[in-house]
Amino acid sequence: MTSRAESMQAAGVDDDAALRRDLMRVVFRFKRAANAAMGTRSHGISLAEFMLLRLLETNALDAPSNVSHADLGRLLSITKGAVSQMLASLEERGLVSRVPAPGDRRSTLAVLTHRGRALIDDEENGFDERLDALVGAVGREDVAQLISIVDKLTDALDTLRAQDTGTTQ
């Protein structure tokens with residue numbers, strides 16, 4: 001079985017062009033497949049929203065430390081604006097509540113509501129089982145290699161973005 005890149009090379013298509021197309025194709029295909037397989041459609045939330053809810057599990061007014069909005073953006077690799085939009089959407093659906101942050105009334109703390117905590121409780125085992133099945137199907141070594149490669153690609157993209165915008169990482 002020949003790869004798409006091999007087929008295109010045999011047809012005289014530029015190797016670099018084929019590689020660029022294949023890279024973008026696989027990135028978008030993976031994103032679509034991950035969202036479809038890992039999202040919690042029964043509750044109407046996306047994979048990103050579910051991951052945000054999981055990150056909020058330990059947030060509480062009396063907790064010694066909490067995940068801030070900035071932390072959420074960094075951990076999910078999304079902008080502050082995207083965090084705000086997701087929190088607003090989850091708040092509208094009664095899954096998250098934003099309250100004044102202890103010690104800093106100018107900022108807010110996002111916490112799970114009872115409904116949000118129940119959703120996490122309902123979905124977490126199934127989510128972890130799907131991840132385990134994915135690792136089992138592909139193999140631990142390949143998943144570890146994929147993580148390493150995606151980290152390298154992400155670092156390279158971050159560097160390119162910083163160069164384009166004149167910012168530092």
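This report walks through the predicted model of one protein chain, from its overall make-up to single residues.

**Ground rules.** The model is predicted, so local features are reported at pLDDT of at least 70 and side-chain atom pairs at pLDDT 80 or more, while totals for chains, interfaces and linings use all residues. Residues are numbered from 1 along each chain as its sequence is written, and side-chain values use heavy atoms, with hydrogens and water left out.

**The overall build.** The protein chain holds seven helices and two strands. Here helices (H or I, at least four residues) and strands (E, at least two) are DSSP runs, numbered from the N terminus. Read from the N terminus on, the order is α-α-α-α-α-β-β-α-α.

The chain has 169 residues, and 24% of them count as buried. Buried means under 20% relative accessible area, exposed means over 50%, and partly exposed lies in between (1.4 Å probe, protein chains only). The accessible surface comes to about 11700 Å², and carbon and sulfur atoms hold 56% of it. These areas come from the Shrake-Rupley method with a 1.4 Å probe; for residues, only the protein chains shown count as cover.

A contact means heavy atoms within 4.5 Å. Among contacts between residues at least 6 apart in sequence, 46% join residues at least 24 apart.

**The core.** A nonpolar core is a set of buried Ala, Val, Leu, Ile, Met, Phe, Trp, Tyr and Cys residues joined through side-chain atoms within 4.5 Å. The largest one has 21 residues, and Leu 53, Leu 56, Leu 87 and Val 96 touch the most other members. Helix H2 (15-38), H3, H5, strand S2 (104-112) and helix H6 (114-138) each give two or more residues to this core. What does Leu 53 touch, not counting residues up to four places away in sequence? Its partners are Ile 45, Leu 90, Leu 95, Val 96, Leu 112, Leu 119 and Ile 120.

**Glu 49 and its partners.** Glu 49 sits in helix H3 (residues 47-55). Glu 49 counts as buried because its relative accessibility is 10%. Beyond its neighbours within four places in sequence, Glu 49 contacts Gly 44, Met 86, Ser 89, Leu 90 and Arg 93. A polar atom of the Glu 49 side chain also lies 2.8 Å from the backbone nitrogen of Ser 46.

The side chains of Glu 49 and Arg 93 make a polar contact of 2.5 Å. A polar contact is a pair of N or O atoms within 3.5 Å; within protein, one must be able to donate a hydrogen and the other to accept it, and residues adjacent in sequence count only if both atoms are side-chain atoms.

**Salt bridges.** A salt bridge is a side-chain nitrogen of Lys or Arg within 4 Å of a carboxyl oxygen of Asp or Glu. The whole structure has seven.

| Pair | N to O distance |
|---|---|
| Glu 49 and Arg 93 | 2.5 Å |
| Arg 74 and Asp 71 | 3.5 Å |
| Glu 91 and Arg 98 | 3.1 Å |

Salt bridges that share partners also join Arg 54, Glu 124 and Asp 128 into one network.

How many residues separate Glu 49 and Arg 93? They are 44 residues apart, with Glu 49 in helix H3 and Arg 93 in the loop between H5 and strand S1 (96-101). Arg 93 counts as partly exposed because its relative accessibility is 24%.

Arg 74 and Asp 71 both lie in helix H4 (residues 69-76), three residues apart, about one turn of the helix. An α-helix has 3.6 residues a turn, so residues three or four places apart point the same way. Arg 74 is exposed at 56% relative accessible area, whereas Asp 71 is partly exposed at 24%.

Glu 91 is partly exposed at 31%. Arg 98 is also partly exposed, at 27%.

Most residues other than glycine have a negative phi, and most peptide bonds are trans. Ser 77 is not a glycine, yet its phi is positive, about 55°. Ser 77 lies in the loop between H4 and H5. Is Ser 77 buried or exposed? Ser 77 counts as exposed because its relative accessibility is 67%.

Gly 81 lies in helix H5 (residues 80-92). Gly 81 is partly exposed, with a relative accessible area of 41%.

Helix H7 (residues 140-165) has 26 residues. The expected span of a helix is 1.5 Å times one less than its number of residues. Helix H7 should therefore span 38 Å, and its end C-alpha atoms are 37 Å apart, which agrees. Gly 166 follows H7 with a positive phi, near 75°.
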